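Please read it alongside the sequence and coordinates.

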Amino acid sequence: MSIKKIIWTLFSGNAFAQVLMIAFAPIIARLYTASEFGIYAAYVTVITIAVKVASLGLEKAIPLERNRIQAKKLMHMNQYLTILISLVILLVYLVFDVSILNWVGIYPTLWEAILLSLGIAMTSLIQIYNYENMNREQYRMLAMTRALQNGFTGLAQIGFAFSNVMKGLGLLLGDVIGKGISVLILSRVSKQEVTNRITWRDTLGLLSKYKHFIIFSMPAGLINTLSLQLPLLLVLAIFGANDSGQYAFVQRVIIVPISVLAITLSQFFYSVAAKEIGENKAKVYELYVSLTKKLAYYLTIPFCIFVFFAPPIFQVLFGEEWLLAGQLTQVLGGMFLTQIICSATSQILYLMERQKLQIVLELIKLVLVIAIFGWMQRDFLQTMLIYGSVIASFNLCLWFIGRQLLKSFEVRGGICHWKK
């Protein structure tokens, strides 16, 4: 499949998925309050953070495995780890009645704890299957499942609100249902290939081969996710459920579509670069630079226009209650724009096995985020403006670091070296 066809396949499927999410947003905004969105977003945030640990970061190694049988075994090992860690999290709640959500004043019921563990397992499994599809170059499947997931999630959340059946859990339950359907589809497609049993010897061999992903990539990914997701929990803890709900709604309407587009391009870049980084670094460098330039060229002006008119747009589409969400979109505009332009190539340090550098950079970002919210606790919009400006600057710095490293990357006799 050509590069243009790959991009179009991923983009069209994910664009349709976002059209569904945006189409559902005006209805859902009038069925649930900002506080309900804030509580739901806290659960989703914990799920997103836990997913970075659930398979120990080994899912990123699947596209790099050239042996299809070994790639399949690596996928199965990731699945077992994910299910085990999800069960451990539930067991800790059942035995000790402890949850990470207690830190922000949320005390889950038994049903909420079960949905939380299911959400972690389903999200992790989707991620694992997606990396397997990258290895198999099944780009249509990547795009299709995202659209189905968003469609079923939106319908379920609306259905629970109208029926008044478990409305308090409607947002979270709908989210888990949408992900569960995606897992069922992906698992059936995956089983169409010849399956291979994984032994303890296989497990130890794969753990040894990809130990750097556990030691470096998983902590780096966790720190990166914390720096992106922790703000919502901090907003909930410092400013309350209503403000966190406004931020959560911005995530649903703006950040999630941006993230999905970035994930689409990132999946494409990671898939191509994983195959070319060892033999054709010039192609990877060219793709790295050109992809970013094209995104900046086509998206900067339209996005700036949208951000400028965000408050009235939010009022008209979603109701008076969401004016603050429109204002929040304005103050975070720079962060959103740099995320979509730069994040498509954000995994370059993984591909070049510079996990130590990745950890250092992500740790610096996390410290900055915690410092901002620890220092600025008076004005919500002012705090978010400083936070967004810092993250935007960091996104640009990370892209330039990746470009410089790629320029210094040499291939000599099939072995990668660094210029000194």
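## Helix packing and burial

Threonine 82 is part of helix H3 (residues 68–96). Helices (H or I, at least four residues) are DSSP runs numbered from the N terminus. The model is predicted: local features need pLDDT of at least 70, side-chain atom pairs count only at pLDDT 80 or more, and totals for chains, interfaces and linings use all residues. Residues are numbered from 1 along each chain as its sequence is written, and side-chain values use heavy atoms, with hydrogens and water left out.

Threonine 82 counts as buried because its relative accessibility is 0%; buried means under 20% relative accessible area and exposed over 50% (1.4 Å probe, protein chains only). Leaving aside residues up to four places away in sequence, threonine 82 touches Ala54, Ser55, Ala121, Ser124, Leu125 and Ile128. Contact means heavy atoms within 4.5 Å.

H3 is also among what covers the buried residues of H7. The two groups of H7 residues are listed here.

| Helix | Class | Residues |
|---|---|---|
| H7 (residues 200–209) | buried | Asp202, Thr203, Leu206 |
| H7 | exposed, on the face turned away from the buried side | Trp200, Arg201, Leu204 |

The axes of H8 (residues 211–239) and H15 (residues 355–375) come within 9 Å and cross at roughly 15°. H8 is therefore roughly parallel to H15 (angles under 35 degrees). Axes are lines fitted to C-alpha atoms over the stretch in contact, and angles run from 0 to 180 degrees between N-to-C directions.

Methods:
Parallel < 35°, antiparallel > 145°, perpendicular 65-115°, else oblique.
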